[in-house]
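Hi,

Here is the structure I promised to pass on. Have a look at it first, then read my notes below.

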Amino acid sequence: MRLTKSFLPTLKEVPADAQIASHRLMLRAGLIRQTASGIYAWLPAGLRVLRNIERIVREEQNAIGAQEVLMPTLQSADLWRQSGRYDAYGPEMLRIQDRHGRDMLYGPTNEEMITEIFGQSVKSYRELPQSLYHIQWKFRDERRPRFGVMRGREFLMKDAYSFDADYDGAVISYRKMMLAYLRTFQRLGVRAIPMRADTGPIGGELSHEFLILAPTGESTVYFDAALEQQDWLAQSVDFHDPESLGRFFKDVTTSYAATDEMHDETAWKSVPADRQREGRGIEVGHIFYFEDKYTRSMGVTVNGPDGAAFHPHMGSYGIGVSRLTGAIIEAHHDAQGIIWPESVAPFKAAVLNLKPGDAQVDEICNRFNQLGGDAVLLDDRDERAGVKFNDADLMGHPWQIIVGPRGAKEGRVELKNRRSGERLDLSVDEAIERVLL
Ligand code: 5CA
């Protein structure tokens, strides 16, 4: 893709109102623009990142057998009156009236809606378990929207909902999600540590938050360093086998990890001092098990083997998809700009044409551009080399292929790795093989 034909507006100035690195970098690298307090438009490079995150989230949800649906953003207030949450939710809920004076709201979450949809169709225990998810925009009228997409008012969430016959089934669903989450975050290039958490307004008895360590995080966290070393992708957990899932869950939850709300000084003291880690974290996911809270309040039942009706047990499972964009940048940047993990980068490589108009340079650049297709961004602007280097570092492409007139004469280019800074002098074919194949 040619930069001269793209909408990738980078900023030289550091925006004054952006307090943390990820917010500044998202504005400067042209990923987002604010359109109202806590509400953002996603520009082409930002949208590519968001789509990449969604893709990985989706793959891991599908892998544990969850099925994708898409529920609307606007919901009827009556649905929330049934569960009792319409009055309980408070000023965070954006309430709207339609032309007929009917009370509506912009969904902050979807427990009520999915429970109703489930209840309309599932009548027998034989149809359980079910796990449904969607990736949809939410609105919460946060008192203090801040840090860009980290605490927005409109934000993109993956929310999944499980329905099981009883406690034992619900625990299996919960553990599957725990596994999917740890794999998802690792594939996104971040270490998210699961911590026992408070259930808050979602209610229920079992809950874990997933936190990425960063000094700008909003929660104080305490955990055993053993959790940082785990490679979840290398573990072979059979999610069809409850025992395998049980062993995995025990592994995850025996090491101490808690947010300040759940912190227990006595248990903390039993963690060896050299493994005690205390810091701040960004919450990128939150999972809950809450028995039959919604099926009961909304009168949803299915028939058991003995013909008697019962309320299925539910869990709900959120991932902050738009927040992750900021959280990944908090974990991966330096003074020059973003350093994208390859799995989410908007472009895998930038090709820097240091002398547009030079026949040999142009020819080599065009070849990379054609071969690389959508994964490559060709900087073909009539700009100084320094401007191109700075923008490529700012935008954080994992690779830079630098094509100048001297090298081009001999069919050679320079390949720079953004993360390590390592530079290699390669033939065009070698560079193609390393980056594009
Ligand atoms: N219904 C449950 C799970 S489906 C739920 O809503 N959980 S939640 O409130 O914890 O939100 C899920 C995730 O959404 C959070 O872990 C966080 O990563 C993200 N999130 C929550 N509020 C915001 C916000 N204001 N801005 C950006 N992301 C947010």
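Let's start with the aromatic rings: there are 13 aromatic pairs, counting rings of Phe, Tyr and Trp (its six-membered ring) whose centres lie within 6.5 Å. A pair like this is described by the distance of the centres and the angle of the planes. Take Phe185 and Phe210: their ring centres are 5.8 Å apart and their planes sit at 45 degrees, so this pair is tilted (under 30 degrees would be stacked, over 60 edge-to-face, and the rest count as tilted). Phe185 belongs to helix 6 (residues 167–187) and Phe210 to strand 10 (residues 206–213), so the pair ties together parts that are 25 residues apart in sequence. Helices (H or I, at least four residues) and strands (E, at least two) are DSSP runs, numbered from the N terminus.

Before you go on, keep in mind that this is a predicted model: local features need pLDDT of at least 70, side-chain atom pairs count only at pLDDT 80 or more, and totals for chains, interfaces and linings use all residues. Residues are numbered from 1 along each chain as its sequence is written, and side-chain values use heavy atoms, with hydrogens and water left out.

A ligand oxygen is 2.8 Å from an N or O atom in the side chain of Arg140.

Leu128 and Pro129 are joined by a cis peptide bond, with omega about -5 degrees; Pro129 is in the loop between helix 5 (111–121) and strand 7 (130–139). Phe147 has a positive phi of about 60 degrees, although it is not a glycine, and lies in the loop between strand 7 and strand 8.

Cheers

Conventions: A polar contact is a pair of N or O atoms within 3.5 Å; within protein, one must be able to donate a hydrogen and the other to accept it, and residues adjacent in sequence count only if both atoms are side-chain atoms.
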